[in-house]
Amino acid sequence: MRRKGVLRKLVVDDTVWLWGRRHRHPECREILSLRRADTPHAQLRLVFRSGEGRAVAGFPLGEGEIIGGGGHWLNLNEPGVVRRFLDEAVARGLLPVANGVTEEDGWPLFDAIVADRAPQEDDR
């Protein structure tokens, strides 16, 4: 079991990324935080809020799970899923270059990620 508040490491090419996931209230939401290890004060937070056709962790979903349109499901605790979100954020130029926290709606990235997958490739 992972301890709360502990960042996990993801290495992409020669870059070390630190990431974490948390659930917050009010406004029930999942937050995926990403930052480079060498720039600790420049952080991207992808925020996922429940809404029409979208749900975040909570019954019947487990911790870190999000579900979007078409029944597509992802688990934000999985390094492979985080890597796909990181790749999509890089492609869109969303990563901050200066100190501070940048918050973005994560659902457009979710939609792009699941659109690139075949239906049988669920992360369950």
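Me: How many of the residues count as buried, and what makes a residue buried?
Reply: This is a predicted model. Of the protein's 124 residues, 38% count as buried. The label asks for under 20% relative accessible area, so that share of the chain falls below the cut-off.

Me: Which strand is mostly covered, and how do you know that?
Reply: Strand β4 is mostly covered. It has 8 residues, and 6 of them are buried.

Me: Which strands form the open sheet, and in what order?
Reply: There are 5 strands, in the order β1-β2-β3-β4-β8, and the pairing is mixed.

Me: Why are β1 and β8 called edge strands?
Reply: Count the partners. β1 (8-12) and β8 (100-105) each have a single partner strand, so one side of each is left without a neighbour in the sheet. Neighbouring strands of this sheet are turned by 25 degrees against each other on average, direction ignored.

Me: How do you know that β2 and β3 pair?
Reply: Pairing needs at least two bridges; 8 bridges join β2 (residues 15-24) to β3 (residues 29-36), so the two strands qualify. They run antiparallel. His 23 stands opposite Glu 30 in β3.

Me: What makes α1 a helix that packs on the sheet?
Reply: Helix α1 (residues 79-91) touches β1, β2, β3 and β4 (42-49). Touching here takes heavy atoms within 4.5 Å, so α1 has such contacts with each of these strands. The direction of α1 makes about 55 degrees with that of β1.

Me: Which strands does α2 touch?
Reply: Helix α2 (residues 107-115) also packs on the sheet, touching β4 and β8. Its direction makes about 80 degrees with that of β4.

Me: What makes the pairing in this sheet mixed?
Reply: Look at β4. Its 6 bridges to β3 are antiparallel, whereas its 6 bridges to β8 are parallel. Both kinds occur, so the pairing is called mixed. On the β8 side, Ala 42 has Gly 100 as bridge partner.

Me: How many residues lie between β3 and β4 in their hairpin?
Reply: The hairpin of β3 and β4 has 5 residues between the strands.

Definitions and conventions. Residues numbered from 1 in each chain as written. Predicted model: local features only at pLDDT ≥ 70, side-chain atom pairs only at ≥ 80, totals over all residues. Heavy atoms only, no water. Buried < 20%, exposed > 50% of the residue type's maximum accessible area, 1.4 Å probe, protein only. Helix = DSSP H or I, 4+ residues; strand = E, 2+ residues; numbered from the N terminus. Axes fitted to C-alpha atoms, helices over the stretch in contact; angles between N-to-C directions.
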